[in-house]
Structures are given as C-alpha cells and as structure tokens.
Amino acid sequence: MQGNLIPRADKYIEAELNVLLIGVHGTGKTETIMQLAEKHGLKMKYLSASTLDPYTDLVGIPIPEGDNIVFKRPHDIDDAEFIFIDEMGRAHPKVMNTLLELVQFKSINGEPLPNLKMVWGAMNPPGQEYDVEELDPALLDRFDAYIEMGPKPSVQYMAQHMS
C-alpha cells in the first residue's frame, strides 16, 4: 500500500475532508487514492476532468417527463461515497464550474448527492512543463487540504518488483 505517500491520508478520510493532490506524473497520486478508497471500503467514482462532460457525466441530460423536464445522469454518481477527480488542471471551464458546487456542497445543481462523503482531486503542477491550467482560487478554496507530492522511491516496492 502506498498510503504513506500522502501524510495523514487515513485521517483525512476518517474526517471526510476534501483533498487536492498536486505533483508531477509518476508520483503515485492516482494509484494511492484508489488504494485508499479500497482500504476504507468506500464506493468510489473515478472521473477524469480532461474528458469529463459536465452534463452527461454530472448534471444530467434534460429529458421531458410529462409537463416537467428532469435531468437524467449516471446512477453511480448517486451511489458514490468518494469521488476522485483526476487531471483537474486539464478540465474545460464548464467542467470546473460544475466542480465548484460538487466539492463545496457535495451536490449537483442544488441536489445533494445522498451518499457522498468527500471529493478528492489530483493534478500535475501548472507551469511550462505541463499543458495544465491553474485552478480558480475559488475552487482551490473548496478543498480542505492541499498536498504537494514529490517523487519518493519506495525501497520496499522496488525490492518486491525489481528483484
């Protein structure tokens, strides 16, 4: 388990905090988050912000139902206890606007997600090396913890997989 790559990760999960990880590729952000969700027995919904469509994936598609219009979205978002949004710095601005509410209120279009406990995100650092954007300060502020991850080779992992 690579949970030690994120200091106090178990405590963040137990407190149901929203966490954003920023680090270069290959530091284990995605793998560690997936392992933590499994370790804690959380139903996780993985979303890649780089390919996310705010309507079909989150808000829902408007469908007439009698005299009303209802928004139909994938049911697994309602079942999720833990949403992980990968590649946040590569998202379209419309996606980012949808994520503001999701992270802060754990709701979509004012409708609370019934089982959602926390939202975690991951991204590469903005700058010349990556084709990613800085996150809006309002979105950054909606995360309870902001962790910069650097490469930390694991001697134990290397011994198990490289010998």
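Which elements do the buried residues of H5 pack against? Let's start there, and thanks for coming, everyone. The buried residues of H5 pack against H3, S5, S6, S8 and helix H6, which covers 137–141. Before I go on, please keep in mind that this is a predicted model.

So, who are those buried residues? In H5 they are Val 95, Met 96, Thr 98, Leu 99, Leu 100, Leu 102 and Val 103. H5 has 13 residues, and at 1.5 Å a residue it should span 18 Å; its end C-alpha atoms are 19 Å apart, which agrees.

The largest nonpolar core has 27 residues. Those with the most contacts inside it are Ile 83, Ile 85, Met 88, Leu 99, Leu 102 and Leu 139. Several elements give two or more residues to this core: strand S1 (19–23), helix H3 (54–59), strand S5 (82–86), helix H5 (93–105) and strand S8 (118–123). Which of them gives the largest share? That is H5, with 6 residues. There is also a second, separate core of 19 residues, and Val 19, Phe 82, Ala 145 and Met 149 are among its members.

Next, please find strand S5 on your screens. Is it mostly covered or mostly uncovered? Mostly covered: 5 of its 5 residues are buried. Both faces are covered, with Phe 82, Phe 84 and Asp 86 on one side and Ile 83 and Ile 85 on the other. S5 also has strand partners. Strand S2, residues 44–48, runs parallel to S5 and is joined to it by 5 bridges. Within that pairing, Ser 48 has Asp 86 as its bridge partner. S5 and S8 run parallel too, with 4 bridges joining them. There, Ile 83 has Val 119 in S8 as its bridge partner.

Leaving out residues up to four places away in sequence, Ile 85 touches Leu 47, Ala 49, Leu 99, Leu 102, Val 119, Trp 120, Gly 121 and Ala 122.

Let's go back to H5 and step just past its end. There, Lys 106 takes a positive phi of about 55°, and this is a residue other than glycine. Lys 106 lies in the loop between H5 and strand S6, which is 107–108.

You'll find Glu 16 in the loop between helix H1 (9–14) and S1. With a relative accessibility of 37%, Glu 16 counts as partly exposed.

My last topic is charge pairs. How many salt bridges are there? The count comes to 7. Let me show you a few.

Asp 10 pairs with Lys 39, and their closest N and O atoms are 2.8 Å apart. Asp 10 sits in helix H1 and Lys 39 in helix H2 (residues 29–39), so this pair ties together parts that are 29 residues apart in sequence. Asp 10 is partly exposed, at 27% relative accessible area.

Then we have Asp 76 and Lys 45, which meet in a salt bridge at 2.9 Å, N to O. This pair links distant parts of the chain, 31 residues apart: Asp 76 is in helix H4 (residues 76–79) and Lys 45 in strand S2. Asp 76 counts as partly exposed at 29% relative accessibility, while Lys 45 is buried, with a relative accessible area of 17%.

Lys 117 is in the loop between strand S7 (111–112) and S8, and Glu 81 is in the loop between H4 and S5, so the pair ties together parts 36 residues apart in sequence. Lys 117 is partly exposed at 28%, and Glu 81 counts as buried at 17% relative accessibility.

Finally, Arg 73, Asp 78 and Glu 111 are linked in a network of salt bridges.

Key
Residues numbered from 1 in each chain as written. Predicted model: local features only at pLDDT ≥ 70, side-chain atom pairs only at ≥ 80, totals over all residues. Heavy atoms only, no water. Core = buried A, V, L, I, M, F, W, Y, C linked by side-chain atoms within 4.5 Å. Buried < 20%, exposed > 50% of the residue type's maximum accessible area, 1.4 Å probe, protein only. Contact = heavy atoms within 4.5 Å. Pairing = 2+ DSSP bridges. Expected span 1.5 Å × (residues − 1). Salt bridge = Lys/Arg side-chain N within 4 Å of Asp/Glu carboxyl O.
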